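Biologist: I am new to this structure and would like to go through it with you. Could you put it on the screen before we start?

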Amino acid sequence: MSYWRNTLKPLLDAEQGTLFKQAPIRVTLAFPNRYGVGMASLGYQVIYRMFNQEEGVACERAFLPDDVDAFERTGQTLPTVESGRAAADCQLFAMSVSFELDLTNIIRMLDVAGMAPLRGERSDSDPVVMIGGPLTSSNPYPLTPFADIIVIGDGEQIVPVVSEALREAASREDFYDLIDGMPGIFLPARHSHEPQWATAPKELLPAYSQIVTPHSELSNMFLVEAQRGCPRPCTFCLARTMYGPNRNNQAQELLDTIPDWVTKVGLVGAALSDFPHTKYVGKTLTERGIKLGVSSIRADTVDAELAEILKAGGLRTFTVASDAPSERLRRWLKKGITTEDLLKTAQISRDLGFKGLKVYMMIGLGPENDDDISELIAFTKELAGINRIALGISPFVPKRHTPHFADPFAGVQTIEKRLKRIQKELRTTAELRNVSAKWAWVENVIARGGPEVGMAAYSLYRNESIGAWKKALEEIGWHDEFEANTPSIGLPPGQYEPREVSAHAQGLAI
Ligand code: SF4
């Protein structure tokens with residue numbers, strides 16, 4: 001049974017906007033996760049279009065099969081979506097990786113495509129492996145054992161540089177010489193430190209979808225980026241540093257990207273309610289009968305007019321981020337949201353007939369204690385007295401390129417204990433969803449790890465589990481460099497009692 005004919009062809013037939021091109025330089029743009037997840041990634045879609053716009057370059061997509069083991073048992077080679085050619089039959093095998101926990105999927109993707117995952121075990125007859133995406137900007141080091149090129153920053157800036165080098169290079173080394181030293185290009189075989197991030201000039205924005213499909217996790221939704229970056233100072237947030245300076249697009253620029261046949265538009269932006277044209281664009285689209293999708297909205301900027309536009313756009317639930325369980329911790333994070341703002345948003349959502357309010361929350365923040373959790377429980381009960389509440393709780397994972405880069409991870413036991421208390425006290429009050437504390441611990445290890453963490457992932461990628469991670473990290477002698485740091489509510493994030501830190505820990509600083 002052909003995997004392409006039975007699985008990929010029906011997906012292909014359901015797409016609008018697919019690009020079919022033949023050219024001497026073949027690029028495979030692989031996504032190390034399922035088709036539906038990859039197709040919901042705006043960055044992935046933009047890079048797909050940009051490679052296909054390059055002279056002499058044809059780009060096709062490949063995804064990790066839903067059941068990789070079953071696919072491998074068929075003995076087939078991983079095909080691309082567009083033509084069904086072998087994914088590894090290309091000059092450039094480019095991958096986009098969003099999350100730390102996709103590290104093992106990156107390795108699996110290379111394996112299932114028929115390539116040796118380790119850079120040192122591939123030869124010049126293999127495609128060049130290039131890895132980009134949000135994870136590479138956050139922490140590229142665990143990817144260094146696998147990638148020939150790591151792209152850091154805005155991909156729009158990189159595609160023309162890499163394409164030109166592919167056209168001109170006479171050999172593999174020649175190709176590396178041509179791109180070496182360019183902003184955002186990290187060649188792990190030649191350099192040990194990440195380069196300056198690539199920042200796309202305004203004229204390459206806005207980013208917008210190429211393909212719309214019902215099989216995306218954002219079904220039938222056309223995505224367009226309202227803004228990149230964020231002007232706010234929230235200290236824990238990687239988006240404001242990773243996406244570079246805040247760049248707002250013009251309302252008309254966004255509207256011009258949207259084809260006539262589109263029925264649903266997702267506005268993408270780190271802080272959409274700060275984007276000056278959200279209301280105008282939203283109103284214009286809803287007047288054309290187009291449904292709207294937005295990510296979370298800052299609770300301090302919600303007003304009835306915005307809520308009405310979103311309701312007219314088909315939104316049934318309002319989403320806001322509290323991010324910290326108490327007022328004092330939100331202040332510590334410079335979040336700028338008060339309990340009052342959250343209560344006001346709940347009120348507006350109820351008054352306008354929204355079915356509920358979804359609130360994102362982090363626990364396990366440095367100075368957090370049981371009183372902060374008590375406050376979370378109390379104000380959730382208050383919110384639930386106004387409208388239906390869904391609480392999405394994630395353990396806090398400190399990230400590089402933020403002032404929290406050396407904060408300790410709160411620990412699986414502490415987080416599980418707090419989650420248990422929240423579940424016990426709010427079980428009948430709010431709908432609760434939480435990220436596993438144990439997997440957050442793995443995310444925390446990868447988020448600040450080096451090549452040795454990449455090699456630990458390599459040792460377990462076919463049988464990943466928490467137990468396998470513990471064993472693999474023990475074997476490489478991993479220890480938590482940050483657990484002795486003690487953040488304090490009286491000190492700004494990133495300041496602790498002085499203590500000795502290793503060169504690795506110092507190297508993680510901004
Ligand atoms: S948390 Fe939101 S508002 Fe704050 S910096 Fe990040 S994107 Fe901006």
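Predicted model: local features only at pLDDT ≥ 70, side-chain atom pairs only at ≥ 80, totals over all residues.

Biologist: Why is H5 described as largely enclosed by the rest of the structure?

Modeller: Helix H5 covers residues 103–112, and eight of its ten residues are buried, so the helix is largely enclosed by the rest of the structure. The buried residues are Leu103, Thr104, Ile106, Ile107, Arg108, Met109, Leu110 and Val112.

Biologist: Let us turn to H12. Which of its residues are buried?

Modeller: Helix H12 runs over residues 304–312, and Leu306, Ala307, Ile309 and Leu310 are buried there. Seen down the axis of H12, these buried residues fall within an arc of 160 degrees, so they line one face of the helix.

Biologist: Why would residues three or four places apart point the same way?

Modeller: An α-helix has 3.6 residues a turn, so residues at that spacing point the same way.

Biologist: What do the buried residues of H12 pack against?

Modeller: They pack against helix H11 (278–287), strand E11 (291–294), E12 and helix H14 (339–351).

Biologist: And which residue comes after H12?

Modeller: Glycine 314 follows H12, with a positive phi near 95 degrees.

Biologist: How many cavities of 30 Å³ or more does a search of the whole structure find?

Modeller: The search finds one cavity of 30 Å³ or more. The largest cavity has a volume of about 40 Å³.

Biologist: Which residues line the largest cavity?

Modeller: Its lining is made of Val294, Ser295, Ile297, Leu310, Leu315, Thr317, Phe318 and Thr319. Leu310 is also one of the buried residues of H12. The largest share of the lining, three residues, comes from strand E12 (residues 317–323). By class, the lining divides into five nonpolar, three polar and no charged residues.

Biologist: Which of them gives the largest share?

Modeller: That is E13, with three residues. The lining includes Thr317, Lys355, Arg388, Thr429 and Arg433. Thr317 is also among the residues that line the largest cavity.

Biologist: How does the lining of the second largest pocket divide by class?

Modeller: It has four nonpolar, three polar and five charged residues.

Biologist: Let us move to the ligand. Which residues are around it?

Modeller: The residues around the ligand are Cys230, Arg232, Cys234, Phe236, Cys237, Arg240, Ala270, Arg298 and Lys335. This shell divides into five nonpolar, no polar and four charged residues.

Biologist: What about backbone geometry? Which two residues does a cis peptide bond join?

Modeller: Leucine 205 and proline 206 are joined by a cis peptide bond, with omega at about 5 degrees. Proline 206 sits in the loop between strand E6 (185–186) and strand E7 (222–225).

Biologist: Which residue other than glycine has a positive phi near 55 degrees?

Modeller: That is lysine 334, which is placed in the loop between helix H13 (327–332) and H14. Histidine 401 also has a positive phi, of about 60 degrees, although it is not a glycine. Histidine 401 lies in the loop between E14 and H16.

Biologist: Is histidine 401 buried or exposed?

Modeller: Histidine 401 has a relative accessibility of 11%, so it counts as buried. Lysine 334 is partly exposed, with a relative accessible area of 44%.

Biologist: Since you mention H16, where does glutamine 413 lie?

Modeller: Glutamine 413 is in helix H16, which covers residues 412–426. This glutamine is exposed, with a relative accessible area of 70%.

Biologist: How far apart are glutamine 413 and arginine 316?

Modeller: They are 97 residues apart in sequence and 36 Å apart in space, taken from C-alpha to C-alpha.

Biologist: Finally, where is glutamate 382 found?

Modeller: Glutamate 382 is found in helix H15, residues 370–384. Its relative accessible area is 46%, and glutamate 382 is therefore partly exposed.

Note on methods: Residues numbered from 1 in each chain as written. Heavy atoms only, no water. Helix = DSSP H or I, 4+ residues; strand = E, 2+ residues; numbered from the N terminus. Buried < 20%, exposed > 50% of the residue type's maximum accessible area, 1.4 Å probe, protein only. Near = heavy atom within 4 Å. Nonpolar A, V, L, I, M, F, W, Y, C, P; charged D, E, K, R; others polar. 1 Å grid on protein atoms, 1.4 Å probe; cavity = no way out; pocket = protein on both sides within 12 Å on 5 of 7 lines; lining within 4 Å. Points joined across faces, edges and corners; volume = space filled by probe spheres on them. Arc of directions from axis to C-beta. Contact = heavy atoms within 4.5 Å.
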